[in-house]
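Colleague: I am new to this structure and would like to go through it with you, asking at each step what a term rests on.

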Amino acid sequence: LRPSWAHLAKPAESAWREMKTLAPTVSKLQEDVGDTLRNLGVAFHFEQPIKNGLVRPDFILTGTLGGGGKDLSRIVVEVDGPHHYSKEPAVLGSGGDLEDWFGGGRGGGGGDGDDVGVATPGIGIGGDGRESLAGGRWPLGSTVLRNQLLHSWGWTVVTVPYHQWEQLVTAEDKMEYVGGLLTAAV
């Protein structure tokens, strides 16, 4: 924080904590993911503040996964709806291709070709916003910051993006999807 802005730190933190103490708005997508976690037999705390209220993850998992007894105690599940993403503007290039507005490459915006790796579905690359997402969706800075903070505090962040969830039709599809994300995370 620049010295000229230091006087804003305490009021900003106070306002943030006050906002985080308000009753959360629960989406149908969050309810659906919660139902899926219950169907998998996964115990969780819903919208419970951590770090003295700095962050309130959607689901803080507790207990174990399945018969294998895989510990879930340091995993959070974040349900990322459309307001967690920006949409890459479509710019038609010379060949009619969609050009990367973020810097020329199809990866994370560097344009140098070395950042085109694909992360495990649903688990970001360290929450740094470099994961290539379907349809030109990019996580907003606030989403990236949330994931980085949680990771720095020792949590594994599993994200359930709305655009992938919408493709799942049956309860079995959803259980397989979430179960796969959790298995990859432990």
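Colleague: Which strands does helix H2 lie across, and at what angle does it run to S2?

Modeller: In this predicted model, helix H2, residues 28-39, lies across S1, strand S2 (59-62), S5 and S8, and it runs at about 5° to S2.

Colleague: What is the order of the strands in the open sheet, and what makes S1 and S8 its edge strands?

Modeller: The sheet has 4 strands in the order S1-S2-S5-S8, with mixed pairing. Strand S1 (43-46) and strand S8 (156-161) are the edge strands, as each pairs on one side only, and the twist from one strand to the next averages 30°.

Colleague: How do you know that S5 and S8 pair?

Modeller: Two strands pair if there are at least two bridges between them, and strand S5, residues 75-80, has 6 bridges with S8, in the parallel sense; therefore they count as paired. Within this pairing, the bridge partner of Asp80 in S8 is Pro161.

Colleague: Why is Glu47 called buried?

Modeller: Buried means under 20% relative accessible area, and Glu47, which is found in the loop between S1 and S2, has 12%, so it counts as buried. Its phi is near 50°, a positive value in a residue other than glycine, whereas most residues other than glycine have a negative phi.

Key
Residues numbered from 1 in each chain as written. Predicted model: local features only at pLDDT ≥ 70, side-chain atom pairs only at ≥ 80, totals over all residues. Heavy atoms only, no water. Helix = DSSP H or I, 4+ residues; strand = E, 2+ residues; numbered from the N terminus. Axes fitted to C-alpha atoms, helices over the stretch in contact; angles between N-to-C directions. Contact = heavy atoms within 4.5 Å. Buried < 20%, exposed > 50% of the residue type's maximum accessible area, 1.4 Å probe, protein only.
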